[in-house]
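Work through the exercises below with the sequence and the model in view. Each task is followed by a solution in steps.

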Amino acid sequence: MMDFTGKTALVTGGSRGIGRAVCLELAKGGAGVVLCYAGSETAAGETVRAAEALGARALAVRCDVSDAGQVSGMVDAVLHGFGRIDILVNNAGITRDNLLMRMSEEDFDAVIAANLKGTFLCMKAVSRLMLKQRYGRIVSLSSVVGLRGNAGQVNYAASKAGIIGMTKSLAKELAGRNVTVNAVAPGFIGTDMTAAMPEAARDAVLASIPMNRMGTAEEAARAVAFLASDEAAYITGQVLAVDGGMSM
Ligand code: NAP
């Protein structure tokens, strides 16, 4: 098990899916965990209780990561309650799928705002703290779709490819101060996001996975936790695919 004793983690989108699994993986290792959510207050409370049941300190904050003021308020709340931020996991994300010719400007903007700008704002809000601490781990959720593209997901693919560019750029900016910046690119993971896909689309994706199955949120979360741990101290600017071989 990875040891996060004495560390504080901020996990965006921790109310459900991969984000919740990340919170619990970090909590198991002894981290204090602050998670944010967009609207699912009850689900966020359940993650907090599950983390507390593992012996961790935990707090949920409502925060739309695409809003700079709310992100700054969230970071203040973490510092007020926990005094430091050692780990940032940029996990909050949405999809608004459609073929490009039918995709509205609003759906393009909404996905870029939540997924890409949200990641930028959270990175910006914690970078100074991490530089001063001379310690930090930033892990962002990209996607196989950001590596390979996917019909019907121009907006989402752009946001996830953008996260890779931001990850590598920030990794270069912060490397000299012991702050690592990496991304995890999941393939097809069983969460609310993929449950919303039409059955034919799910079957088509499953057929393209060499391991012939979906991944679990816990399998994605363990890769995030590894990159957030001291075991990954010499790894920065990398994208780790967790996809059953899908992106080979
Ligand atoms: P999910 O089950 O749909 O959960 C999304 C989470 O993000 C929820 O906690 C949600 O909060 C939060 N969120 C959404 N918009 C937000 C905003 N503007 N501000 C703050 N929080 C926001 O998603 P998931 O499947 O676990 O995916 C998690 C991440 O992994 C995403 O970045 C996704 O793109 C990426 N990913 C997933 C897969 C997959 O197969 N599932 C594959 C590749 C990459 P509420 O509960 O309050 O709505």
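**Exercise 1.** Find the partner of lysine 28 in a salt bridge, and state where the two residues lie.

Step 1. The partner is glutamate 25, with the closest N and O atoms 3.4 Å apart. A salt bridge here is a side-chain nitrogen of Lys or Arg within 4 Å of a carboxyl oxygen of Asp or Glu.

Step 2. Both residues belong to helix 1, 3 residues apart, about one turn of the helix. Helices (H or I, at least four residues) and strands (E, at least two) are DSSP runs, numbered from the N terminus.

Step 3. Glutamate 25 counts as buried because its relative accessibility is 11%, and lysine 28, at 39%, is partly exposed. Buried means under 20% relative accessible area, exposed over 50%, and partly exposed in between (1.4 Å probe, protein chains only).

Note on the model: it is predicted, so local features need pLDDT of at least 70 and side-chain atom pairs count only at pLDDT 80 or more, while totals for chains, interfaces and linings use all residues. Residues are numbered from 1 along each chain as its sequence is written, and side-chain values use heavy atoms, with hydrogens and water left out.

**Exercise 2.** Which residue forms a salt bridge with aspartate 230, and which parts of the chain does the pair link?

Step 1. Arginine 137 is the partner, and the closest N and O atoms are 3.6 Å apart.

Step 2. The pair links distant parts of the chain, 93 residues apart: arginine 137 is in strand 5, and aspartate 230 is in the loop between helix 9 and strand 7 (239-242).

Step 3. Arginine 137 is buried, because its relative accessible area is 1%; aspartate 230, at 38%, is partly exposed.

Step 4. Lys7 joins Arg137 and Asp230 in a network of salt bridges. The structure holds 8 salt bridges.

**Exercise 3.** Describe the order and pairing of the strands in the open sheet.

Step 1. The sheet has 7 strands in the order 3-2-1-4-5-6-7, with parallel pairing. Two strands pair if DSSP finds at least two bridges between them.

Step 2. At the edges are strand 3 (58-62) and strand 7, each pairing on one side only.

Step 3. Strand 1 and strand 4 pair in the parallel sense over 3 bridges. Valine 11 stands opposite valine 89 in strand 4.

Step 4. Helix 1 packs on the sheet, touching strand 1, strand 2, strand 4, strand 5 and strand 6 (179-186), and its direction makes about 170 degrees with that of strand 1. Axes are lines fitted to C-alpha atoms, for helices over the stretch in contact, and angles run from 0 to 180 degrees between N-to-C directions.

**Exercise 4.** How many residues does the largest nonpolar core have, and which element gives the largest share?

Step 1. The core has 35 residues, and those with the most contacts inside it are Phe4, Val22, Leu26, Val89 and Val184. A nonpolar core is a set of buried Ala, Val, Leu, Ile, Met, Phe, Trp, Tyr and Cys residues joined through side-chain atoms within 4.5 Å.

Step 2. Helix 9 provides the largest share of this core, 8 residues.

Step 3. Not counting residues up to four places away in sequence, valine 89 touches Leu10, Val11, Thr12, Val22, Leu26, Val139, Leu141 and Val224. Contact means heavy atoms within 4.5 Å.
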